[in-house]
Amino acid sequence: MSEFEVFETYAAGRIKAWVKGVEVEPEARAQLENVAGLPFVHSHLAVMPDVHFGRGATVGSVIPTKGAIIPAAVGVDIGCGMMAIRTSLTANDLPDSLAAVRSQIERKVPVGNGPGGNHKDAPARAATALRNSGLPERLDKVLAKHRRIQRTMFARQLGTLGGGNHFVELCLDEAARVWVMLHSGSRGTGNILGTYFIQEAREALEKRVLGYHVPDKDLAFFMEGEPLFEDYIEAVGWAQDYARLNREVMMDRVLMAMRDCLPAFTLEKSAVNCHHNYVEREHHFGADVWVTRKGAVRARKDELGIIPGSMGAKSFIVRGKGNAESFCSCSHGAGRSMSRAEAKRRFTLDDHLAATAGVECRKDAGVIDETPMAYKDIDAVMAAQSDLVEVVHTLKQVVCVKG
């Protein structure tokens, strides 16, 4: 039995929302109605329980479209997502203090944005991975057609964390086994590509003659068959592939750091590596459509995904149930309950220290905007989507590295 609620909208759009027991802010509700009313939305808009206000479209939305894509719905952190792998280590293999482990990870994996978020000398493995990927040549093709796009040192950012809500964590599962989990995307180049094409879509919207109203300039779109549509698909595909490779290289660097200061260990045969900000061609409700998951994870039948909590809460490895009504999707995390500015106003450093007790992580004022209280209750979020996924493993953070 599906657990979604059907929202009434002012236009003809349909919204199915998995939000029982979680709050949907009025601003987010208005954005959902704006998107659902667009004539190229296929069937309905699916809303995940971590939904909150975003740029143009809410974070926590699954937007299926026919013949059009909204670049701002995909966003600028294109391909942002999660990767996790289980090791043979257990809690008994960890030292009493994990400060040295965190420091070693921070040395191996540059964090933050700007110069501090680049490798001064790209690791040899990263350079080899990039060369074998074909990504430099693919990006050259995009830049040759759009010379106003700024060139970046994307090679030096491969295997780096970034800032904001991106993180690297060591976690313990229900059997006290050690997992490595990380969250990052396509870094500076993905941001530049996303920003460029969002502006191009806005300019295209101003020239369009439509028989309907687009209520927000950040819902500007490209139409299939247009040159800019094809160029955007090429660029967004590049960013998504770069983001996946970035997580793989970063995971390699984290594991190297762990091997420097922990007992010898082996890895599980497979890892979970999933996007949660991306667009992909899929078949739903009798049609081939473009599915934009803005803060949502694909959860096809038996497909594994990752739903992280905040830096002091639980996270989950989940298995999809393939719920067609959600376009086979689930939430991408707990979801913010307030803005970063509001979190900084409302909470003190003492609040943050109490909320992250037992976790080796930054305890300074610079991460107050990421404090656990700024996020929704992850247990409520998971309860609201019990028909979308089942929990395979429950993870609790013991180390958290943030940009």
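The largest cavity is lined by Leu139, Leu143, Ile149, Gln150, Arg151, Thr152, Thr189, Ile192 and Leu193. On a 1 Å grid over the protein atoms alone, a cavity is a set of points where a 1.4 Å probe fits but cannot get out, and a lining residue has an atom within 4 Å of a point. The model is predicted, so local features need pLDDT of at least 70 and side-chain atom pairs count only at pLDDT 80 or more, whereas totals for chains, interfaces and linings use all residues. Residues are numbered from 1 along each chain as its sequence is written, and side-chain values use heavy atoms, with hydrogens and water left out.

The count comes to 1 cavity of 30 Å³ or more, and the volume of the largest is about 40 Å³. A volume here is the space filled by probe spheres set on the grid points, which are joined across faces, edges and corners. Two helices, α5 (135–145) and α7 (187–207), each supply at least two residues of this lining. Helices (H or I, at least four residues) and strands (E, at least two) are DSSP runs, numbered from the N terminus. The largest share of the cavity lining, 3 residues, comes from α7. By class, the lining has 5 nonpolar, 3 polar and 1 charged residues. In this scheme Ala, Val, Leu, Ile, Met, Phe, Trp, Tyr, Cys and Pro are nonpolar, Asp, Glu, Lys and Arg are charged, and the others, Gly among them, are polar.

Helix α7 also takes part in the largest pocket, where it gives the most to the lining, with 4 residues. A pocket is an open set of grid points with protein on both sides within 12 Å along at least five of seven lines. About 1200 Å³ of space lies in the largest pocket. Its lining holds 48 residues, of which Val59, Asp77, Asn165, Asn277 and Arg340 are the closest to the centre. The elements that give two or more residues to this lining are α2 (71–74), β7 (167–172), α7 and β17 (389–402). By class, the lining of the largest pocket has 14 nonpolar, 24 polar and 10 charged residues.

The second largest pocket has about 240 Å³ of space. Of its 17 lining residues, the closest to the centre are Arg244, His275, Tyr278, Glu280 and Arg298. At least two lining residues come from each of α8 (227–261), β10 (272–275), β11, β13 (296–298) and β14 (304–307), and the largest share, 5 residues, comes from α8. The classes here are 8 nonpolar, 5 polar and 4 charged residues.

At 35% relative accessibility, Gln199 counts as partly exposed; buried means under 20% relative accessible area, exposed over 50%, and partly exposed in between (1.4 Å probe, protein chains only). The C-alpha atoms of Gln199 and Ala220 are separated by 8.8 Å, with the two residues 21 apart along the chain.

Next come the aromatic side chains. The structure holds 11 aromatic pairs, where rings of Phe, Tyr and Trp (its six-membered ring) pair if their centres lie within 6.5 Å, and planes under 30 degrees apart count as stacked, over 60 as edge-to-face and the rest as tilted. Phe285 and Phe327 form an edge-to-face pair, at 5.6 Å centre to centre and with 80° between the planes. This pair links distant parts of the chain, 42 residues apart: Phe285 is in the loop between β11 (277–284) and β12 (287–294), and Phe327 is in the loop between β15 (314–320) and β16 (329–331). Phe285 is partly exposed, with a relative accessible area of 40%, whereas Phe327 is buried at 0%. Tyr196, Phe197, Phe222 and Tyr232 form one aromatic cluster.

Two arginines lie over ring faces (CZ of Arg, or NZ of Lys, within 6 Å of the ring centre and within 35 degrees of the ring normal). Arg29 lies over the face of Phe7, at 4.0 Å from the ring centre, and Arg336 over that of Tyr375, at 5.1 Å.

The structure holds 0 disulfides (pairs of cysteine sulfur atoms within 2.5 Å). Cys80 is in no disulfide either, as the nearest cysteine sulfur, that of Cys274, is 10 Å away. Cys80 is buried at 2% relative accessibility, and Cys400 is buried at 1%.
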